[in-house]
Every structure is written in structure tokens, then in C-alpha cells.
There are 4 protein chains.
Amino acid sequence: MSGSSFGKAFHITTFGESHGPAVGVVIQGCPPGLFLDEAVLQKALDKRKPGQGIASTRRKEPDTPMILSGIFQGRTTGTPIAIVINNIDAHSKSYTDIANLFRPGHGDFTYHQKYGIRDFRGGGRASARETAARVAAGAVAQLVLDRYGIQIHSFTLALGGIAVQNFDAKAAAQNDLQCPDMAAARAMEERIKAVKQQGNSLGGTVQITAMQVPAGIGEPVFDKLDAEIARAMMGIGAVKAVEIGAGIQAATMTGFENNDQMDKTGFLSNHSGGILAGISTGEPIVVQVHVKPIPSIQLDQKTLDQQGQPAVISTTGRHDICAIPRINKVCEAMLALVITDHLLRQKMVA
Amino acid sequence: MSGSSFGKAFHITTFGESHGPAVGVVIQGCPPGLFLDEAVLQKALDKRKPGQGIASTRRKEPDTPMILSGIFQGRTTGTPIAIVINNIDAHSKSYTDIANLFRPGHGDFTYHQKYGIRDFRGGGRASARETAARVAAGAVAQLVLDRYGIQIHSFTLALGGIAVQNFDAKAAAQNDLQCPDMAAARAMEERIKAVKQQGNSLGGTVQITAMQVPAGIGEPVFDKLDAEIARAMMGIGAVKAVEIGAGIQAATMTGFENNDQMDKTGFLSNHSGGILAGISTGEPIVVQVHVKPIPSIQLDQKTLDQQGQPAVISTTGRHDICAIPRINKVCEAMLALVITDHLLRQKMVA
Amino acid sequence: MSGSSFGKAFHITTFGESHGPAVGVVIQGCPPGLFLDEAVLQKALDKRKPGQGIASTRRKEPDTPMILSGIFQGRTTGTPIAIVINNIDAHSKSYTDIANLFRPGHGDFTYHQKYGIRDFRGGGRASARETAARVAAGAVAQLVLDRYGIQIHSFTLALGGIAVQNFDAKAAAQNDLQCPDMAAARAMEERIKAVKQQGNSLGGTVQITAMQVPAGIGEPVFDKLDAEIARAMMGIGAVKAVEIGAGIQAATMTGFENNDQMDKTGFLSNHSGGILAGISTGEPIVVQVHVKPIPSIQLDQKTLDQQGQPAVISTTGRHDICAIPRINKVCEAMLALVITDHLLRQKMVA
Amino acid sequence: MSGSSFGKAFHITTFGESHGPAVGVVIQGCPPGLFLDEAVLQKALDKRKPGQGIASTRRKEPDTPMILSGIFQGRTTGTPIAIVINNIDAHSKSYTDIANLFRPGHGDFTYHQKYGIRDFRGGGRASARETAARVAAGAVAQLVLDRYGIQIHSFTLALGGIAVQNFDAKAAAQNDLQCPDMAAARAMEERIKAVKQQGNSLGGTVQITAMQVPAGIGEPVFDKLDAEIARAMMGIGAVKAVEIGAGIQAATMTGFENNDQMDKTGFLSNHSGGILAGISTGEPIVVQVHVKPIPSIQLDQKTLDQQGQPAVISTTGRHDICAIPRINKVCEAMLALVITDHLLRQKMVA
């Protein structure tokens, strides 16, 4: 079935494995007349690209997108847009020695259980490399959002147990970790260096926001805007928790504290995170995701081989220490995709 | 579009408003040959029913289900199963005085923005009453799960800021709040009473587990089992956060701490919550949802009317103080629906 | 899976068996603000109703629709519209003697092969009774079409081998068979009487047209307007062939003969049937369907029982002699559903 | 929306324009473990390829497929299979002089109406070139069918008004037109030559059969096997009519004549075309499609330009005289896709 498709109105289908010939995406439902070329995609892909920043793998992928369809004279035509990103720097040899082992924290065991066959090279379909296709699709979605003036941003709120103390949106642009607190950012970098030395890895927390989303998008009852955001975010490999607005804090508040009252200036608070009953309020949409540490570590761990025999494993391939900040761009892309989908869906209602 | 449908293989469509003639559900894809009658549904609905327990509304709905199709001689036939639950105890008069006001924390404002027309009686489509249909569908899904021996349970981990200290699964069956800690349960009840007196309301945290789910279900990459669970849970009206396995804690752990190692006895921990790379591991599936306080409270709050004029509102209808424990049954139903859907989908792979 | 659903933007799900409690439909994606009540539905259902006309069964079903949701103060709200039509005049006893036999031309054998269990009463889910739900949904779709001034009509072009000679649209309103040729209509009636006497049955041909459909609806490449019409029509029980525009004749024409040239007045012919490359041209949409004879006949036929033993069967229940003219209303409904779906889909493009 | 997707269980998405960089397809839901490489696809594509046979365009496309994903060590893995076929021999210059004109019988006018922008080169997305992607997908579907021993064949029953007189399946393999009557084949070739000389074009009729399809596949009520076949076939550019089994003839038969009786040897006739109530009977599935003449002709025709001014047009690009026999392979592919989809869907029922 279509497990690699996302969205109903703005509908994407991704494909590709970490060490196959390419990853890519086909976008259906993109409105005609948008200016789109490879440069637009490249700009977005460069921000997600491996090989940059302290927490990142040394794999060097140029991530050069090719648009195969759906464009004519520099504009979208309304037909499917296929984008392919070739895999260049794939060192498959690094993986042959663990072809028979289930890496802890990875999908090796579960893919084997599901399919009886798996592409063990670099995680195959379960690799974070698949998210390059999402980022390319998100860049196209953003062209639709631009028509509404909708802006999407992400902020690293915590990393390796170090949390932001003072939130300064501008600061996030001034460090590699997209952290809105320069002091915290520096502490996070120290933590990364220390943990890298140990051959271990880290997780963290990212906030994603969308500004200027018009009120009235999202569909009762299963396609609520927050439900679709939750699916979008939890479907990113390393994400283990998703919060909307006040999120977990809402559980400890009273109704009086949590309710967002209104006066002539609009909502007096935004505990709802910009979504009530699954439909946007016009306030900023605020999402937090909690990201587990990268499972590939250089420390010895107990595991099994495909024959069920005990083994010890440590990962020697090239891997990030932390999914942040590269995952931030994936989260932004997924939020852009959800909102674009629902903006188009709302055109059928209004 | 089909925003009131859920699932691909086990596909449900719900309908109905709080104060319309009925709520209900049509189930497609249910395997033939299952023993199903109204009694099976009634048993499940009785557990979700309003009018029982300390935190619940006084609305008395018998919630009597009628099966209109898909059954022959007591067994499912493979064709769509339509279930209707008539609304009996709907006091629409209570709502006429707030027909023109947007209740804080409710979908009144957003439905108005979306559709330009709304059924203001009791929240209309956004009412928790809609979840009766989900619970009925979940009871049918459970018949499929029974064939695999899969059991789904829920536990109230926190309510009104009071958290469970000692987890004793058996205790959960001995108090109305499904709380696995009798001392905490009693404290929660006291908290409910106090807050009720104040005309305020409470939220809390629920854990839902599924035992004996076979390894190998869930689909890369957008229909990951955890992504679909997140959508299912966040699509329940009051839920503001969803965690899988270690959830938020995973963000503060190192890779070595978080990875679930294996030996011949199986996984040595279950931080993954029974899901790796979106596919089940065979370990218990563990989900936590965080529920906001009921927005209908008797305290004065600032709001606007449909003409944009300021107003003060307090709710006088019959309402729960806390969505827990009634929401627990809805969460169980949604988890049953997701797992059933993916069990059937896996039949096409294996 | 969702085999009882139809449409993407205007999405319907039907349910119900011939001799179960009810048939019905849930409509998703209906725009808000349309005036809808049971009278609108009743008017449409009355035209499809059994028990009227020379070719019809004597089963007397009032076909009284109940709207369970999606309506507030007489208008649609944008939420799912559930419609239930109770089965009243179901004589299940007539079927018990053939419970174990596969009726030729019916779905008895194939349902048994598919599900291993079947509701043998009156054809169960395969009964033409299911089409009442389609007609109700079509009546709602027509409310959308009314906004565009789109009119749908059907004409009986042939019945029992007797074909229309002179097409006079007004004549179709003056005979029970919707035949646009009064002389042919009378000959058809004679044919029906004669064949009825013999205990045999008849088929025929129906043309369905949609006027004032705006140019530009329909989606490349699999959801072409004609492709969706073909699915819609062929999915009606007795239909064995579907033509669009020149249809079969197109196969014998040259390109020069078949091409619809244009001048300032518009298209100079309409061999395309109002659809080019799957998208509407603005010309009338013209569809023909060919309907097999009713399989239930009173003549002895060879068959098998469920144990594979030979048997002789003749049908004694109440049955139509010809699906025409009742099927005409079903064809109209299906065309209305397809066009409505694509009108809404086009709102996302334009 | 997803108008370029087809199938629910075996789900394909095609993309690409006639003169863009490439056409291609992404296949989801393909079972793991099938042996698949480019050679399998090439063999199927070679049969559809332009540049061969008397009725074909002189465009020379090698149609070399590249598999970008979903394959590991020569076998399918269960993840999406992306196939790309680069466009090599695209002479876009031939089209610039008609960039502003609507070619009669083509989608130029309707695409313009729909999108307001169109890739006029060679028909863009509406080109028959798009069907190369379908044929590639059909070749993958056939691998699934091979497991069941299902064989799909096509036969040219008529071309340019010349119909087969004696059906000899073996003869079809002995002429380029796949015509099961050598004498008719020769007459068809003469007809093609004559019409080519005139700068005109021809249509015809193709029969497609599937043998050894197990009884019990197809889904009530909208996803009937015949409904899905009708959609699949009518969605091929030039097809204007689809018949199943007795098709149009069924409309003139009595119930006694049309019903397929059974005895211990099975069905005594196959007027149903292997499908009853939308579900396969186990008999051969028999489909006929009627194909309009190629709209691109060298004769002068009246048309309009994009500004609504009258013009005269004749086509000078490279074009087929008749869609047959190349379309035969597309029809086979579509039938393979429908049957594969329903075989997989049935795995969830049984």
C-alpha cells in the first residue's frame, strides 16, 4: 500500500534507500504557475545537507536535485513534479561486516521481521537520507505558503540535556545548532564534543512554528490539523514525542488557566498552539518534538545476528552525533507539507 | 474530503453531532466470519458512557448501538458494518443562550471560521460525543485483535497534577479513574471534588499499552506505526501531546542509554515503546497521551461574540470535570484501530 | 478496504444489504450552506422506487430517508451527512429455499468464493437495493451542481432489442420508460409484457447527459473525467459496457471524421462527448451504458449448490423484468457524483 | 490531488511529459522477494516502443528504464520501486509553431482551460508517452501474476473498420498488429497504408484477456473488478468505450440467453466476462476497448488559437497512424495492474 505517500490535496510520494542509486519524491496537486527550479530546491537541501556542523556525519553528499517533470518554462504546470537526488558518496563497504547483525535502536530487526529481506546498507529505506526527499517537497510547499505570507521556523530548545534558558529568536540564526540562546548553544557544543569523544550520541528537543496561518484550516475529526502534524512529526525517524501548544503542561493546568480567552485584540494567550478542535485559530502554530539520540554509536552493545545468535556490535560508519540541527529542516518541511495540504483542502470548503 | 475516515485496510468513517439525531460509524474492511452483535458493542460503550463516576457529566445517554448492515446470522460478512447510536438525552435549550458566543478552549471560533455555519448545540461535530462511534468501531477491531491474543489496556498516570508513584496494574481495576496507584487515585478524587466546587476543570496523563502485538507491522515511511498512533491520539479532542516509549525522556538520554540491546531472551529494555523505524518489535507498545482540562467551566471568561463584540461567558451545561477516565476508552479504541489496520496491511506483505 | 467508498473531494460511503435493517450512505466533503432536508432526498428516491411501472418488481418500499447528521437549521454544515433508508418490505422467506444455490447471473457464487459467507437474502450487498443509497447521495450532489446550472438527464435508447429511431427529448418525459421516441416506447412495453409472460427478462441501453459542465474539470492521468465516469457506471450492478461520446463508433471513423473542429462559435461537433484528454470541454457530457437483462428469471436453469452438486433453479421472488428505467436514476446519480467530485477538486487548481 | 496514482494495494504514481527530461513511475505495495531488474522492464517496454511497425511514429526512443529504489541484490524489498525512463529523441522544435493553437482531438484546449498554463510540446502530460511508465509498472505487476500463473493477452479485433472474421489466437503472434486473423491483418495493413497516404488516421478495437485469475477477487460495490477495469481502460488516452464479457451484446439478450449456467464442469458460457457482481468467477476475464483514431493528422482543420481567433491547423510532427498495436501493450499493463491490486486486497479478506 501507499505508506510512502503523505497528504491528500498536496500529495507527495517519496522513494529511495541510503545506498541505492537515488532518493526522490513525486509531488501531486501542486498549483500551476509557481516559479520553481532546481536552485529553489538546492537552497533548501543545502540546509539539511550532511557534512556541515559539529554534530554531523562526514558523508559528503552534494544533494543535487533534478526536476524530471511538472515544470514548463520555469513554472509549475499542475502535473506531477518528480524530483530525483542521486546518491553519490555511498560507502557500502562499511556495512558488509554488519550485514548479518541487528543494530540496536535501528530498524534492522523490524525490517527483517516485516519483509524477510532488507537492504542493510546504511539503513536502507529507514535511513535519514530519505528525509532529503521530504525537504525537497517541503521547499515546493513553501512556494504555496509564500502566497499566504506563512513563515516556518525551527528552534533547538534542548540538546543532550541542556535546555534553553532565554529564548531569543535572533540568536538562533547565529549558531549552527539553531539554538535561540547563545550561552546554551555553546554548552551544547561542548556536550557534543565530549560525547563524540566517548563514541556516544545525544538527543534533544526542537520547536517548530508557523506564523500567519489563516484561521479555519484543518478537518474534523481524524484529519485535525494537530493530528496530521503529529503524524508528520512522529513519522520522522528519531522523533519519540510531539507536543502542540502547551502540550504536556496542559495536563497539569486547570481549565481556567489553559483556556485561551479573547478580547477585541484577539486571543489573550496561545496555549492551544494555534489549533482548536483541530482547526487553526490564526495564532502561531507551535509544535515541539523530542528526538532520541542517534542509535549508531561506537560503544559495544549486545545484539543478535539474523540466525538469533548473540553478538557484540559497535558502529564504525559515518554518523551524526545528534539528529539536531539537521532534523530541524525536516520538521520544518513536514509542517510546511501539512499546512499546504490543508490550505488547498480548505479551498474546497470556502 | 474524507476527514472523518480513519485507516486504510480497516477503514472507518464516523458521523454525527452532539445534538443531532445520532452518531455512528461505517466500518469497511472488517474480515468476514467474526461473531458480532449489539451486545459486544454495548459492553464497550458502557465503559465510555457519560453519567458515571466522579468526573463525569450528568448527561444520561443509554448509548444503545444498532447494527444496520454487514452482519448475517450473527457473523460479519466482509461488507460494510454500519452502527448507529441515537442521541436521546440532548438538552439543546441549554445552548441557545451561547449560540452567538465563542466558548474559550472550544472549536466554536474555528468552526465558524472554517465553515461560516456551525451547529452550536453541545459542540456539534466537535463534541466528545463523537467518540462513542470510535469506541464502537474499536470494539469491532478488538475482535480482530482477539485472534492474535492482543490485549489493550489504559492507565491514568496523572490527573490534576497528581502523578502515580507506584505502578500496580491490578490497582487500576479497583478505582473509577483507572489509576494504577490507589493512594494517587484517592488524591485525584479529592482534587476533582475541590476543583468541581470551584467550577473549574482538570487534565491529566494516560498510558495505553498493547501486549502481544507481533513484530513486523507498520509501514515505512509516513505510515509508521508510531506516526499513525500519534495521529490517532492527537486526533482525540483534548489530547495535546503524545509520547511513544521513553518519549520525552529519550531526548535527554545518550544513545547507549536509550538503545534497546538484545540477547537470547529478546530485548533487554523497551525504550522504543515496541516500535523501531515505525515497525513493531514484538515488545509491548507503550503510548502516553497528555490531556488538557475540559474547556467548559463555570468561571467567567472573556470572549467575543460572532459579531466580534466582547462578552463574558461561563458554561452552565452538563460537562465532565476531567476527560479522564472516559477518554481512556477512546484512546484504547484508537490504538485498537491502528493496530488492526496494520495487521491487515501486513497480510499483503507476508 | 474501502471498496464501498466513491469520490475524493465529494466522498461517499454506502452500506447495507437488501434484507438487512437498512441501506444508507455517509457523505463527506459536501460544501456548507446548502439547503437540504428529507424532502429533497425523497423526491429523488421516489423516481428510483420499486413498485411502479411495467418493468418493476412488486416489492413496495416507501424508501423513506432519514438524515442523521451534517444538517443544522435546514442547511448543510460541512460535516459528514449520514442518510439511512430502512428496509421495510423485505420478504426474506422467499429466499430460504435458494439459500444453498448459486443463482446464474448473480453474485451468489462469487461472494461465496470471496468471503466464504454470504447474506443470501435478496442478493445481500449485491442487491440493486444498494443503489437507493447512491440515489440519495446523488440528490445531495445535485444541490452542488445546481449552483453551476448543471443539469443531468437520462434517456432509454434501447430495450429488449428495440432501439429509438427518432430522438425527441420531450417525449422521454411522457412515458414510464424515459424513452425519447413514443413509438419505440410503446414497442418496448409490448416486448416487456411478452417476455414477462415467458418468465424471462430484458436488457437495454441508456444515455446519460450533463449540460453546462464548465470546461476544465477532470484530472490527468488516471482520474480522467471519462475514466471516473466509466468506473462509476460499470460499478452499477447490471452495466456491461460504457461509451463516451462517439464511443464504439469512434473506432470506425478516421481522425478527420472524429476530430471535433472549432470555430468562433465553439466546437463544431461533439464526438468527444464533452471530454478531451480526460478534461471537460464545456460541451455536453454524453455517456451510454449497456445494461444486461435481469438475471432473476422464472425459467429453469442449470446451476450448482454450495456443495458443488448440480441443481435446477428458477427464481420465484419479486423482481424487475428490466433494470430500465429504474437504473436510469442510478446512472444520473453516479454522473452527478463524479462531476461534483471534480468540480470541487478543480477549486484546488484554479 | 493524486490523479496520477492508480491502485490501492499495488499503488502506482506516474509522472512525466512528452518532452520533459523523463517519464517514470513509483510503485508502492509490491511484495518483497520478486526477482526484478532493468531487463525485465526493457523487455516489456520494447513491445510498446515507438518506431516499429507500419502504424507507428518515427520517433526513436530507446526507452531505457533505470530502477532507482526498492531493489536489493536483484530482488524487490517491499519498499517503493522508482523507475525512470529518460526522454532522448524529443524534437521540441516541431511544436513551437503550434504553441498557440488548440489541436483538434487533443487535450490542448482542455489543459489550457484547466491550468491556464500548458506544456504544448508533444502533448505534454497528455502524450501517449506517459504510457511507457504504465507499461513498466505493468511488467512489475506481471511478476506478481506469475506467482498465480495468470496470463494476459491482447488481440486486435478491428482496425480502420476492418473486423476479424476468424479468431485464431496463434495468428496474433504472427503479425505486427496482434490480429488473430491473418487475412484481416493484411487488409488492415493495406488500410493503414492508404490512410497514411491521405494524411489521415484510424481507430480500432482491442480485446484483452486474463486467464487463470482465481475466483473471488474484486470488491463491492464501487471497487468492483469490472468498474476498476473500466476506469483503467477508459483512462488510456484514446479509449472511448469499454465492454466486459458480452458487453453491448448483453443489452439485446434475454436473461435466459445471457445468464451463464453451471454444471459440474463449471460455467457453461462466459457472457459475464469472468466477473459477476464485481467479483471474479474464475473464468477468463474478457475486456474489449474501442480506440479512437489518432487526432494528429496532416489534413487542414478549423481550430482556434489561445486568443480565441480562428485558425487552420494540420499536424506535421511524427505521429502514429493508429494507436493499435502499441496501445495493446498499455491495455495489457492496465489489466495486470488492476488484477494485481485486487489479488493483494483479497489477501486481507481470506
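1. Start with the charged pairs: over all chains, the structure holds 64 salt bridges. A salt bridge here is a side-chain nitrogen of Lys or Arg within 4 Å of a carboxyl oxygen of Asp or Glu. Before going on, keep in mind that this is a predicted model, where local features need pLDDT of at least 70, side-chain atom pairs count only at pLDDT 80 or more, and totals for chains, interfaces and linings use all residues. Residues are numbered from 1 along each chain as its sequence is written, chains are lettered from A in the order in which they are written, and side-chain values use heavy atoms, with hydrogens and water left out.

2. Have a look at A:Arg231 and B:Asp223, whose side chains form a salt bridge with N and O 2.4 Å apart. The pair joins two chains, because A:Arg231 sits in helix H6 (residues 225-234) of chain A and B:Asp223 in the loop between strand E10 (204-211) and helix H6 (225-234) of chain B. If you wonder about the labels, helices (H or I, at least four residues) and strands (E, at least two) are DSSP runs, numbered from the N terminus. Are these two residues buried or exposed? Both A:Arg231 and B:Asp223 are buried. Buried means under 20% relative accessible area, exposed over 50%, and partly exposed in between (1.4 Å probe, protein chains only).

3. Next, a bridge inside one chain: B:Arg48 pairs with B:Asp63, and their closest N and O atoms are 3.5 Å apart. B:Arg48 belongs to helix H1 (residues 38-48) of chain B and B:Asp63 to the loop between H1 and strand E4 (65-67), so the bridge ties together parts 15 residues apart in sequence. B:Arg48 and B:Asp63 are both buried.

4. C:Lys8 counts as partly exposed, at 26% relative accessibility, while C:Asp223 is buried, with a relative accessible area of 1%. Elsewhere, salt bridges that share partners join A:Lys8, A:Asp223, A:Glu228, A:Asp341, A:Arg345 and B:Arg231 into one network.

5. Now the rings: there are 24 aromatic pairs over all chains. Rings of Phe, Tyr and Trp (its six-membered ring) pair if their centres lie within 6.5 Å; planes under 30 degrees apart count as stacked, over 60 as edge-to-face and the rest as tilted. B:Phe72 and C:Phe120 have ring centres 5.1 Å apart and planes at 90°, so this pair is edge-to-face. B:Phe72 lies in strand E5 (residues 71-72) of chain B and C:Phe120 in the loop between helix H3 (108-115) and helix H4 (131-148) of chain C, so the pair joins two chains. B:Phe72 is buried at 6% relative accessibility, and C:Phe120 is buried at 15%.

6. Another edge-to-face pair is C:Phe155 with C:Phe167, the centres being 4.9 Å apart and the planes at 65°. C:Phe155 is in strand E8 (residues 151-159) of chain C and C:Phe167 in the loop between strand E9 (162-163) and helix H5 (182-197), so parts 12 residues apart in sequence are tied together. C:Phe155 counts as buried at 9% relative accessibility, but C:Phe167 as partly exposed at 44%. There is also a cluster of A:Phe102, A:Phe109 and B:Phe267, linked by ring pairs.

7. Finally, helix H5 (residues 182-197) of chain D. Which of its residues are buried? They are D:Ala184, D:Ala185, D:Met188, D:Ile192 and D:Val195. Seen down the axis of H5(D), these fall within an arc of 100° (the arc of the directions from the helix axis to the C-beta atoms), so they line one face of the helix. On the other side, D:Arg186 and D:Gln197 are exposed. Strand E8 (151-159) and strand E9 (162-163) of chain D are among what covers the buried residues, where contact means heavy atoms within 4.5 Å. Just after H5(D), D:Gly199 takes a positive phi of about 75°.
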